[in-house]
Amino acid sequence: MAGVVEQRSIDVVPDDERHGSAVSQFTLWLGANLQITAVITGALAVVFGANAFWSLIGLLLGNLLGGAVMALHSAQGPRLGLPQMITSRAQFGVRGAVVPLALVIVMYIGFFASGSVLAGQAVGELTHLGETPGIVLFAAVTAVAATVGYRLIHTLGRIAGLVCALAFVYLGIRLLQRADLGTLLHDHRFSLPVFLLAVSLSASWQLAFGPYVADYSRYLPRHTSARATFWWTLSGSVLGSQWSMTFGALAAAAAPAAFVGHEVTYVVGLGGAGLIASLLYFVIALGKLTINILNTYGGFMSLVTSVSGFRGQRTLSPRGRAAYIAGIMVAGTAVALLGKDSFLTSFKDFLLFLLTFFTPWSAINLVDYYLISKERYDIPALSDPAGRYGAWNLRALTVYGLGVLAQLPFLATHFYTGPLVAPLGGADISWLIGLAVPAALYGAVARRDTARIPDAQPLPGERTPTGSGG
């Protein structure tokens, strides 16, 4: 079993365990994005008022902007050999990092739940067990695969990328046999608020990968080009998500009554009946399995990082690993079963609300890594509350809090709308504020704290310092 289950958790990946090439990021993120939840994200732009023409442009713009931020996080993986969120200790302190970590864990559970609702419908139809047993069965398979870890995740990504790409080509042909593309794209009327909603939906989709994207590039050899990692990650994620979202937007425009609220059955019915329907249910479940494993694995990493900040633990037994993953599975399954009947509206608000908390984190992390620390982190100090980064960095936490608060006047969700949304015609630009404000504030604050920046410290991976956990 030890040869099958991944042994690393939040400790540094040594050079002799590094493997693969940056191309692996393309196949993983292509497979992770060719799936039903991305389809629904694209459909939401049309459901909430945009025409198909401007929805597609807005979705592409959001995917490119959010994907660039996400891919910059991915490029940190080979350089540091660490999971994404543990590097937050360099900004927020060894224990202060628990603040964004707690919110990240909520994100993982939310995405696990939303994915399980859709996959549970497919598994329930495929096995004839029904939706609720389908959700539970899907969650259990996800947990087992996440326990095995990194290599299986990339293998599934390659398989899902190929299988789901073929399925989406077929489904696209079937959709265009029922609806004329020229008719769907004929309406060119522009509305800024709903256009910005489309941008925000796809940008939030991409930005939500930021807290765990480096988890899946950290095993790449340390000499892997940061540029190659960036571009392969960006291209796989943008191609997969835009492909899925385009299908969703066109489906919602072509048959809003049949699609909305019945997304899985509509997609399968579009493809056909009998054996083809069974294959499509399998494809939907496979696509969701790929991304839900990422959510479970990322949640596991974040939980371990949170606990170890207080306990000092950097390695984990197989039993401990399984316990953390089981906790994520149980919580996500419970949310899925409770929220499955009001999925569509809840998911849209969930996506936009997530942006409020993750754009400031992304801005602070990227400014610190690329502009302040110049890609140099003192890895042993990331595990030492009395070290270079301290236990709590109140300045960074204050900037993070201000970054969240600065967005509230511009935020538009079902349960809260800021006072500046109406003057902007209903447009939600909170995520742009959430990137710009904390980036500027953190840059000003962090440049004065020169003691945090190692001068002659070797870059991670050039050697594994004593006590780094590698």
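Helices here are DSSP runs of H or I with at least four residues, strands are runs of E with at least two, and both are numbered from the N terminus. This is a predicted model, in which local features need pLDDT of at least 70 and side-chain atom pairs count only at pLDDT 80 or more, while totals for chains, interfaces and linings use all residues. Residues are numbered from 1 along each chain as its sequence is written, and side-chain values use heavy atoms, with hydrogens and water left out.

Stay with Gly20 for a moment. Gly20 is exposed, because its relative accessible area is 52%. The cut-offs are these: buried means under 20% relative accessible area, exposed means over 50%, and partly exposed lies in between, with a 1.4 Å probe and protein chains only. Pro221 is 201 residues away from Gly20 in sequence, yet the two C-alpha atoms are 7.2 Å apart in space. Setting aside neighbours within four places in sequence, Gly20 is in contact with Leu220 and Pro221. Contact means heavy atoms within 4.5 Å.

Now the whole protein. The secondary structure comes to 18 helices and zero strands. The radius of gyration is 21 Å, close to the 23 Å that the globule rule gives for 470 residues, so the protein is as compact as a globular protein of that length. That radius is taken over C-alpha atoms, and the rule is 2.2 Å times the number of residues to the power 0.38. The C-alpha trace spans about 65 × 55 × 40 Å along its principal axes. Of the 470 residues, 60% are buried. Among contacts with a separation of 6 or more, 87% are between residues 24 or more positions apart.

Ser217 shows the buried side. Ser217 is in the loop between α10 (192-207) and α11 (226-254). Its relative accessibility is 0%, so Ser217 counts as buried. Beyond neighbours within four places in sequence, Ser217 is in contact with Gln25, Ser74, Gly77, Pro78, Tyr150 and Thr229.

Helix α8 (residues 150-178) packs against helix α14 (residues 275-311) at an angle of about 145°, with the axes 9 Å apart. Axes are lines fitted to C-alpha atoms, for helices over the stretch in contact, and angles run from 0 to 180 degrees between N-to-C directions. On the α8 side, the contact residues include Tyr150, Ile153, Leu156 and Gly157. On the α14 side, they include Ile276, Leu280, Val283 and Leu286. By class, this contact has 18 nonpolar, three polar and no charged residues. Ala, Val, Leu, Ile, Met, Phe, Trp, Tyr, Cys and Pro count as nonpolar, Asp, Glu, Lys and Arg as charged, and the others, Gly among them, as polar.

Step back to α7 (residues 131-148). Its 18 residues should span 26 Å at 1.5 Å a residue, and its end C-alpha atoms are 26 Å apart, which agrees. The expected span is 1.5 Å times one less than the number of residues. Buried residues of α7 include Gly134, Ile135, Phe138 and Ala139. Their cover includes α6 (98-127), α8, α14 and α15 (318-339). Gly149 follows α7, with a positive phi near 105°.

Positive phi also turns up away from glycine. Lys374 has a phi of about 55°, and Glu375 has one of about 65°. Lys374 lies in the loop between α16 (343-372) and α17 (394-407). Glu375 is in the loop between α16 and α17. Lys374 counts as partly exposed because its relative accessibility is 49%. Glu375, at 25%, also counts as partly exposed.
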